[in-house]
Amino acid sequence: MSGKLGELLTEENLITPAQLQEALDYQRINGGRLGSSLVKLGILTEDEIAAILSRQYGIPSITLAYFEVDSSVIKIIPMESALKYQVLPLSRVGSSLTLAMADPTNVLAMDDIKFMTGFNIEPVVSTESSIAEAITKHYGSIEERERKKEFEDLANFIDQGQTDSIELEAEDESTLNFAALEKAAEEAPIIKLVYYLLTDALKRGASDIHLEPYEKEYRVRYRVDGVLETVMQPPVKLREAIISRIKIMAKLDISEKRLPQDGRIMIKIMHEGKKKQLDFRVSVLPTLYAEKVVMRLLDKESLCLDMTTLGFEPQSLEKFQSAILKPYGMVLVAGPTGSGKASTLYSSIAQLNKPDINIMTAEDPVEFQLPGINQVQMKEQIGLNFAVALRSFLRQDPNIIMVGEIRDFETAEVAIKAALTGHLVLSTLHTSDAPSTISRLMNMGIEPFLVATSVHLICAQRLTRRICQECKVEAEVSPQVLAKAGFTPEEARKVKVYRGAGCSACNNKGYKGRIGLFEVLEVTDELRELVLVGASALELRKKAIEQGMIPLRRSGLIKVMAGLTTLEEVLRETML
């Protein structure tokens, strides 16, 4: 195409010979098509090239984004050929196949596809990028196909193997032969399947693996960027063997099926050319049909310890950092499970960690091991809980204490006393927003004067999915909807809202990664007075906003305006 397209464009005076030579040089160094090189150099747009080819050769030009393609037509051409020639089958009428092409002059491609399919080829022109996006959309990403093929091969291997010896269904747990169960768990196909699940979760960027038993199916789901998605459904007859294999790896009792169990799996793998240690926190829970297993991937390399990248607004970050640098008092992080509280606390500790400071943490479980920090794992079964650990910490000459979670009056009481006796205490609570955290402490039985004097700052947070920056496009949202979401009338008229169109980089989801929304309440003297007189969470919230607190919803809207997340994500995670 290079020669023909280059001649055509210079003849039409759309590019100069010098520009053509520049593009040819670029193509020689970087590869690809001449048209793509012209676009990357900013000489022409893809639409201009498509229009020229359409006009010159009398071939229709189409926009693939508005074209619905029948899945049965897609199957006519293999994905490998579609990628090789940058083509997409659109429709079939009789013996003719309509083919979208970035290069309609590529006779070799048309001959090859005609020979392969037996159809006469009717070409139409489309841009190279739109064809690439359509291939990803209709065929699925190459990585996804490879994963699917890998699992299909594994399933076939299991089906062809010794599946009879693995079939361990029983009406009553007492009838299960646990020796046979353990033997089945050591079968090569089961080992391979469980290993595949653990490593595949890493490849997909999953935070959790859910193995869920139902009456007639066994479902495996991954939580990716906070959202669960079904990835496979292994045969039900393999259920007991899979659960037993995971229990063995997590050093749990395979004969105990009536009570919940918690454990840990640590394996080493080669990932992207280097050795990587995977650490999974395992929770096994008896359900109606069998045990449900949830495994949380604790990837130390993905832990973000830089507070400036978590998503704090500048003024909120300044307040938070000022609070954790105080010599004593309490800083609380609030939010539901999976809202990123642990990451915020670890980031705080990493910032405070210095050779002359003694930092002690009580965690259940210890998610990440940090050098220079004295971390203690809670063991409720032998009486080591947060309150007991805190009392022991006070005899260990600490400067900073982190408590994984304040769950009861006893823990709250010891933590507040520690904060009032010269220690900085960091902890978390499960509350919906920052002001209601104060009410929660008082509902636990803590006196208002103790809360008012000990708590310096409360940070409530949520996690929303980031828009994929590779496929970010502007979204059309009416000013009325924006105003209803919380934007001011002026902002609603001017703001630009974005969404992810879906591409190979984000597996066609439009989202990649997550970002935090933060509500930082600094406990000022005026707020302390309100706490002492027993003000409600609503009154505290109103006063905090007057003093400059950015609520969770506003934090989300700021990120929508910055093009970091979508309005739907913010509405899903926050309330006005």
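**Figure 1. The largest nonpolar core of the predicted model has 42 residues.** This is a predicted model. Within this core, the residues with the most contacts are Met330, Leu332, Ile406, Leu441, Val451 and Val455. Helix α16, spanning residues 409-420, gives the most to the core, with 6 residues. In soluble globular proteins, nonpolar side chains tend to be buried together.

**Figure 2. Surroundings of Val451.** Val451 is one of the residues with the most contacts inside the largest nonpolar core. Leaving aside residues up to four places away in sequence, Val451 touches Ile438, Leu441, Met442, Ile446 and Val531. Of these, Leu441 is also listed among the residues with the most contacts in the core. Ile438, Leu441 and Met442 are among the buried residues of helix α17.

**Figure 3. Helix α17, residues 434-443, is mostly covered.** Of the 10 residues in α17, 8 are buried. They are Ala434, Pro435, Ser436, Thr437, Ile438, Ser439, Leu441 and Met442. After the helix comes Gly445, which has a positive phi, near 115°.

**Figure 4. Glu569 in helix α24.** Helix α24 covers residues 567-573. Glu569 has a relative accessible area of 2%, under the 20% cut-off, and therefore counts as buried. The side chain of Glu569 reaches the backbone nitrogen of Arg465 at 2.9 Å. Not counting residues up to four places away in sequence, Glu569 touches Thr464, Arg465 and Tyr511.

**Figure 5. A nonpolar surface patch made by Tyr214, Leu288 and Tyr289.** The area of the patch is about 330 Å². Tyr214 is in the loop that runs between β4 (206-213) and β5 (218-224). With a relative accessible area of 32%, Tyr214 is partly exposed.

**Figure 6. The whole protein chain, as context for the close-ups.** The chain has 24 helices and 18 strands. Buried residues account for 49% of its 576 residues. The accessible surface of the chain comes to about 28300 Å², and carbon and sulfur atoms hold 51% of that surface. Of the contacts between residues at least 6 apart in sequence, 64% join residues at least 24 apart.

Terms used:
Residues numbered from 1 in each chain as written. Predicted model: local features only at pLDDT ≥ 70, side-chain atom pairs only at ≥ 80, totals over all residues. Heavy atoms only, no water. Helix = DSSP H or I, 4+ residues; strand = E, 2+ residues; numbered from the N terminus. Buried < 20%, exposed > 50% of the residue type's maximum accessible area, 1.4 Å probe, protein only. Polar contact = N/O pair within 3.5 Å; in protein donor to acceptor, adjacent residues only side chain to side chain. Contact = heavy atoms within 4.5 Å. Areas by Shrake-Rupley, 256 points an atom, 1.4 Å probe, with all protein chains shown as cover. Patch = residues over 30% accessible without salt bridge, like charges linked within 9 Å, V, L, I, M, F, W, Y side chains within 5 Å. Salt bridge = Lys/Arg side-chain N within 4 Å of Asp/Glu carboxyl O. Core = buried A, V, L, I, M, F, W, Y, C linked by side-chain atoms within 4.5 Å.
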